[in-house]
Amino acid sequence: MITKQYTITAPQGLHARPATTLIRLVKNFKSVVNIQKGGKTVRLNSMINLLSLTIKGGETVTVTIEGEDEINAAEALDLFFAEELKDL
Amino acid sequence: MFLHKMEKINGTGVSPGIAIGKAFVIKKAEAVVSGILLKDEDEIIEAVASFNTAIDLAVAEIETIIATAKLSAVEDELAILEAQIELIGDPQIAEDVIEKIQSERKTANDALVEVIADVVQVFESMEDEYMRARSADIKDIGARILKHLNKQHSDTAKFNPGTIIIADDISPSDTISMDIKHVTGFATRAGSKTSHAAIIAKAKGIPAVVGCGDGLMSIQNDDVVILDGLSGLVYINPQEKIIEDYRSKREAQNQQTEKLSALKNVAAVTTDGKKAMLSANISGADDMEEVHRNGGDGVGLFRTELLFMNRDSFPSEEEQFEFYKQAALKSKNKAVIVRTIDVGGDKQLPYFNIPAELNPFLGYRAIRICLDRTDLFITQLKAILRAGMFGDLRIMFPMISNIQEVRAAKKILEDAKKELLFENIRFKADIKVGIMIEIPSAAITADILAKEVDFFSIGTNDLCQYTLAVDRMNEKITHLYDPFNPGVLRLISNVIEQGHKHHIHVGMCGEMAGDPLATLLLLGMGLEEFSMSAAAIPAIKNIIINHSQAEAKQVCGKVMAMDSSDKITAYLTALNA
C-alpha cells in the first residue's frame, strides 16, 4: 500500500470539475484508492462521497493506493495533484 | 393583464441587466414515493435491472446533450454535464438503491427517491456554500434517472422571443435543452449566488434573479415581468409607467455594457504596440470579481487595513493568511501587490492605541509602526508569504523615506521566512518586494532605493500632499493640492526614469493613475502599471488603445516644459476633449 499526502492547489478546492477528473483518473487503475480528510475516509470512486468531504483549496489530504498497479496509480495521482489540479 | 395583481418581489440579483418580457413558468413533477412493496425475487431482479437500465439511459442522454452542445455551450456548462455523468453513475447511489430494493423490497422508483432525498439532505446541511448549492445537481440527476425509470419523455420547451423563465430552480440540463436564444431572463424561487441558474445566466449574459421565495410561484404564464438582475427586483404585471422607466434604464445600461464589454478582453496596447498594465486597487477578495469584470491585469494595491478594522484585537496569522489567500485564489494568477499595514494617527485601530499626534501624517504610522512593533509586522509578513502559495502575491512597504527602512523591513521579511522554515510551513520564498514611493525623499532618491527592491509603486495622494505641504483634509487649501504641479510631476518622472535605469517595474496606485487627464502624460513618462478603482479601467484603456506611445512622449515633453499646473491642465483638458 502506498500512502501520499497532497495539498490542494486548485483555488476552488475539489469542486465538481476537478472531482470529475480525479474520479475518472482513478477509474483507469485496478488499485483501490481512498482519500482521507479530517479523519473521514472515502473511496475515490464516488463523486458524492468525494464532494461530501468538502475539500477546499489549501487543505491537505491523505491518499492511500493499494493494488497491483499501485505504483503507476500513485505516479498518476502525483501528477494530478502537483500539476493538473491547479489548472482545473 | 389588468386582471392580474401587480407585485414586486425581492430576490438575489446574480447576473446584471434588465429583462422585460412575458413569463414562462416551468413546473416540475414532484418525485413521489408509491409505498408499493415488491412481491417476490423475480420482481426484485427486475427492479434492479430497470434501475441499471435507467442509469445507462440517463448517462447516454447526457452524452448526447454534450455532443450536441459542444459547439455552442460554455466550458462551464460542459464541465457541469461531465460531472453529472459521474454523479449519475455514482457507485454509492447505486449501492444504496440496490440495497433498498433487495433488503427492503422497495420499488426502484421509491428506492431512488429516498436515496436521492438523503443525499440532497446531506448536501443541504453542509456549511460550505458551494457544496450546499450542489444539492440542486443531486436533485437534477435524481429527476433524470427517475424520468428514464418511469419512461417519461423529455419535453424541450420552445419559447417565444422575450421570454422570462420562472422556475423553482434551473438545472444545467434544463438550460442546455432549453431553446435559450429567446430567453431574456431567469427568475427562480430557490437558489443562491453559486447555483447553476446563476452560473449559467452569468456565462450567457442573461439577467437573472434567484432566491425569490414562494411569492414567485404566483406568476402565471404570459404575465408581464420586469427583472432587474443587479438589484434583484422582480415586478409582476407592473404599471405602464414602470415598464417605460425600465425600458429607458435598460437602454442606458445596454449602451454602457456594450462599451465596457467591448474593451474587457482588449489588451491596453497603444497604436504603436506599447503595452500598459491596468490594475485595480482592492480592499478584499470580494473585489476581485469586479477587477475581472473590468478586464483588470492584476491588483496594484491590495489595502490590508480592512482586515484590521472593526474588531477588538489584532487578527491572528491564520486569520490574516485566510484573508490574503482568498484574494490570491480569486486573482486567476494575476499579480496582486499586498501593501503591509498602513495605519496611523488618522486611521486608528480601537485595540491599538496610537496617542493623538499634532501631525499624524508626519507621525507614527505605517512602516514606522511596523519597524517598531516587529511582532505585529512579522505576523503579517508570515501570513502573506504563506498565502503566496496560492497566487502571485507581492509585498509592498508603505511610507518609506530612506534606505535603512527598506533594509530593516527586508531583514524582518527574511526572519519571517526563517520562522516558517523552522515551523515547516510552505511559503513563497522568492516573493517579490517593492516599496511605495509617497515621500518626496524616496522619490528623489529613487536611484538609491531601486537597488534594494523589485518594484516601485507611486502613491500620488501622499506624494502630492507631502511635496506641496498641503493637508489633503484641509478644505481651505484644496486648490493647492494639485498633482499636476510641475514639482510633483518632476518627482514622478524621476521615479519612473530611475526605475527603468535599474530595470525594476514602476507602477502607480494613487488617484492620478485613474485620472483620464493624466493617462497620456504618465504613459509618455514610461509608467508601466496604472492601478485604480476597477470601474475606472475601461475609460483609461480606451485612451491608451487610441493613442501611440510616440504621441504620449510628445505630450510628456510639452508638459514637462510648461511652467505651471494651470497651463498643464488646460493643455491636457484640450487634448482629451
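A residue is called buried here if 20 or more other C-beta atoms lie within 10 Å of its own, exposed if 12 or fewer do, and partly exposed in between, with C-beta atoms placed from the backbone. Keep that in mind for the whole tour.

This is a predicted model, in which local features need pLDDT of at least 70 and side-chain atom pairs count only at pLDDT 80 or more, while totals for chains, interfaces and linings use all residues. Residues are numbered from 1 along each chain as its sequence is written, and chains are lettered from A and ligands numbered from 1 in the order in which they are written.

**Stop 1: chain A**

You will find three helices and four strands; helices (H or I, at least four residues) and strands (E, at least two) are DSSP runs, numbered from the N terminus. Follow the chain along its sequence and the order is β-α-β-β-α-β-α. Chain A has 88 residues, and 39% of them count as buried.

Next, think about contacts: two residues are in contact if their C-beta atoms, placed from the backbone, lie within 7 Å. Taking the contacts in chain A between residues at least 6 apart in sequence, 70% join residues at least 24 apart.

**Stop 2: where the chains meet**

Now show both chains. The contact takes 16 residues from chain A and 20 residues from chain B. On the chain A side, the elements that give two or more residues are α1 (16-27) and α2 (47-52). Which element gives the most to the side of chain A that touches chain B? Colour α2(A): it gives the most, with five residues. The residues on this side of chain A divide into six nonpolar, nine polar and one charged. For that sorting, Ala, Val, Leu, Ile, Met, Phe, Trp, Tyr, Cys and Pro count as nonpolar, Asp, Glu, Lys and Arg as charged, and the others, Gly among them, as polar.

**Stop 3: an enclosed strand in chain B**

Select residues 163-167 of chain B, which form strand β4. Is this strand enclosed or open? Five of its five residues are buried, so β4(B) is largely enclosed by the rest of the structure. Show the side chains: B:Thr163, B:Ile165 and B:Ala167 point one way, and B:Ile164 and B:Ile166 the other way.

Two strands pair if DSSP finds at least two bridges between them. Strand β3 (residues 18-26) pairs with β4(B) in the parallel sense over five bridges, and B:Lys22 stands opposite B:Thr163. Strand β5 (residues 183-188) of chain B also pairs with β4(B) in the parallel sense over five bridges; here B:Ile165 has B:Phe186 as its bridge partner.

**Stop 4: a buried proline**

Zoom to B:Pro238, in the loop between β8 (233-236) and α9 (240-264) of chain B. Why does B:Pro238 count as buried? Because it has 20 C-beta neighbours inside 10 Å. Leaving out residues up to four places away in sequence, B:Pro238 touches B:Met6, B:Val224, B:Ile226 and B:Ile243.

**Stop 5: the barrel**

Select strands β9 to β16 of chain B. A closed barrel of eight strands runs β9-β10-β11-β12-β13-β14-β15-β16, with parallel pairing. As one pair in chain B, look at β9 (residues 277-282) and β10 (residues 299-302), joined by three bridges. B:Ile282 stands opposite B:Phe302 in β10(B).

**Stop 6: two crossing helices**

Select α14 (residues 374-387) and α15 (residues 403-422) of chain B. They pack at an angle of about 65 degrees, with their axes 9 Å apart; axes are lines fitted to C-alpha atoms, for helices over the stretch in contact, and angles run from 0 to 180 degrees between N-to-C directions. The residues of this contact divide into eight nonpolar, one polar and five charged. Among them are B:Phe377 and B:Leu381 in α14(B), and B:Ile412 and B:Leu413 in α15(B).

**Stop 7: helix α19**

Finish on residues 486-501 of chain B, helix α19, with 16 residues. Its buried residues include B:Val488, B:Leu491, B:Ile492, B:Val495 and B:Gly499. Just after α19(B), B:His503 takes a positive phi of about 55 degrees.

Definitions and conventions: The expected span of a helix is 1.5 Å times one less than its number of residues.
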